[in-house]
Amino acid sequence: MRARRIVLHLATVWLCFHACTSIDVRTDFDPSADFTRFKTFAFGGLMDINKDGILDNSLTRKRIESIVARELTGKGLRQVESDQNPDLSVHYWVGVKEKQKVENIGPSGYYGGTHPRHRGGVGYCNVTTYEYKEGTLIVDLVEPARKELVWRATMVANLEDTTRENIELGNKAIAKAFQEYPPPTSAPAGRSRSR
């Protein structure tokens, strides 16, 4: 019985670990936009979704902008200053939420008793809870000439314990978001892709 409990516990830890490291990336775009016309970009405004001061950290801003710039320049665009009339203005939002997850880690024994709800011999389960932080990053590409949003990526992931791990998580999320940029011209209107 003890060995079974250990196996169930290890399986739960493994599942939690993999759940925590997954990144939900969704993209959407304006199918009427001609993405071949966009040759330059500049960073515009940024916003802290939760108003908790995360973007007061200039290192966070620099890291996000550096990763996004790397992806856009890798797609053939050139970064310019915002007063140089860029074809695209890049805006991004960051938010962090404290969350809690309740997990059933399997049966751990039996209890009896005379209470009608207990009915002797009915099994019960161990339940564990853990707290974690969920991070959200939204990157918008806006066409300043028309003041219209042409592309959006929304990335959600459970944050890790160290800055280094979260930088790597951000790298993966942004790279995943820009995998299919520019979007295919034959995609149906208003359709978002989830990866």
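1. Some ground rules. Residues count from 1 along each chain as its sequence is written, and side-chain values use heavy atoms, with hydrogens and water left out. As this is a predicted model, local features need pLDDT of at least 70 and side-chain atom pairs count only at pLDDT 80 or more, while totals for chains, interfaces and linings use all residues.

2. The count comes to 8 salt bridges, taking a salt bridge as a side-chain nitrogen of Lys or Arg within 4 Å of a carboxyl oxygen of Asp or Glu. Asp30, Asp34, Arg37, Glu143 and Arg146 are joined in a network of them.

3. Aspartate 30 sits in the loop between β1 (23–29) and β2 (40–48) and arginine 146 in the loop between β5 (122–143) and β6 (148–158), so the pair ties together parts 116 residues apart in sequence. Strands here are DSSP runs (E, at least two residues), numbered from the N terminus.

4. Glutamate 143 bridges to arginine 37, with the closest N and O atoms 2.8 Å apart. Glutamate 143 is buried at 5% relative accessible area, but arginine 37 is partly exposed at 43% (buried is under 20%, exposed over 50%, partly exposed in between; 1.4 Å probe, protein chains only).

5. Now serine 89, in strand β4 (residues 88–111): at 13% relative accessibility, serine 89 counts as buried. Leaving aside neighbours within four places in sequence, serine 89 is in contact (heavy atoms within 4.5 Å) with residues including Ala42, Asp140 and Pro144.

Key
Helices (H or I, at least four residues) and strands (E, at least two) are DSSP runs, numbered from the N terminus.
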